[in-house]
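Student: Hey, I've just opened a new structure and could use a hand finding my way around. Can we go through it together?

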Amino acid sequence: MWVDPIVLAFRLEKAFKRTSWIKSEPDERKVVKCAIRLCTEQLVAMAGFRFRRSAFSADEPKVNFLVPPREGSCDNALPFDFFV
């Protein structure tokens with residue numbers, strides 16, 4: 001899925017109650033990092049995922065999570081990478 005960086009910046013402004021990105025061309029990398037941070041907070045707080053590590057300086061910024069084991073399905077936490 002592809003999202004226009006300006007649209008993503010606009011949506012993030014609403015989420016963070018900020019108005020600094022729309023006035024100028026948003027820095028795509030900063031918008032992506034901000035989106036990852038917002039999603040990370042939500043996944044940890046609401047879904048019970050455990051934050052493992054982040055790689056914001058990589059070519060493609062991402063965060064690594066551990067999905068907690070679920071009773072009856074898996075005995076171990078499963079790692080996965082999340083990126084925008």
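This is a predicted model: local features need pLDDT of at least 70, side-chain atom pairs count only at pLDDT 80 or more; totals for chains, interfaces and linings use all residues.

Student: Okay, how many helices and strands does the chain have?

Tutor: There are 2 helices and 3 strands. Both kinds are DSSP runs numbered from the N terminus: helices are H or I with at least four residues, strands are E with at least two. Along the sequence the pattern reads α-α-β-β-β.

Student: And in what order do the strands sit in the sheet?

Tutor: The order is S1-S2-S3, in an open sheet of 3 strands with antiparallel pairing. Two strands count as paired if DSSP finds at least two bridges between them.

Student: Which strands stand at the edges?

Tutor: Those are S1 (50-55) and S3 (78-83); each has a single partner strand, so one side of each is left without a neighbour in the sheet. On average, neighbouring strands here are turned by 25 degrees against each other, direction ignored. For angles, axes are lines fitted to C-alpha atoms (for helices, over the stretch in contact), and the values run from 0 to 180 degrees between N-to-C directions.

Student: How many bridges join S1 to S2 here?

Tutor: 5 bridges join S1 to S2, which covers residues 62-67. Among the facing pairs, Phe-51 is opposite Phe-65, Ser-54 is opposite Val-63, and Ala-55 is opposite Lys-62. A hairpin of 6 residues connects S1 to S2.

Student: What about S2 and S3, how many bridges there?

Tutor: That antiparallel pair has 6 bridges. In one of them, Val-67 is partnered with Leu-78 in S3.

Student: Where does helix H2 lie?

Tutor: H2 (residues 28-47) lies across S1, S2 and S3, and runs at about 10 degrees to S2.

Student: Let's zoom in. Is Asn-64 buried or exposed?

Tutor: Asn-64, in strand S2, is buried, with a relative accessible area of 10%. Buried means under 20% relative accessible area, exposed means over 50%, and partly exposed is in between, using a 1.4 Å probe and protein chains only.

Student: Which side chain does the Asn-64 side chain make a polar contact with?

Tutor: With that of Asp-81, at 2.6 Å. A polar contact is a pair of N or O atoms within 3.5 Å; within protein, one must be able to donate a hydrogen and the other to accept it, and residues adjacent in sequence count only if both atoms are side-chain atoms. A polar atom of the Asn-64 side chain also lies 3.5 Å from the backbone oxygen of Phe-80.

Student: What else is Asn-64 in contact with?

Tutor: Leaving aside neighbours within four places in sequence, its contacts include Arg-50, Phe-51, Arg-52, Arg-53 and Pro-79. Contact here means heavy atoms within 4.5 Å.

Student: New topic: where is Phe-49 found?

Tutor: Phe-49 is in the loop between H2 and S1, and is buried with a relative accessible area of 17%. Beyond four places in sequence, Phe-49 touches several residues, including Leu-43, Val-44, Phe-65 and Phe-80. Pro-68 is 19 residues away along the chain, yet its C-alpha atom is 6.3 Å from that of Phe-49.

Student: How many disulfides are there?

Tutor: The count is 0 disulfides, where a disulfide is a pair of cysteine sulfur atoms within 2.5 Å.

Student: Last one: what share of the chain is buried?

Tutor: Buried residues make up 26% of the 84 residues.

How values were computed: Residues are numbered from 1 along each chain as its sequence is written. Side-chain values use heavy atoms; hydrogens and water are left out.
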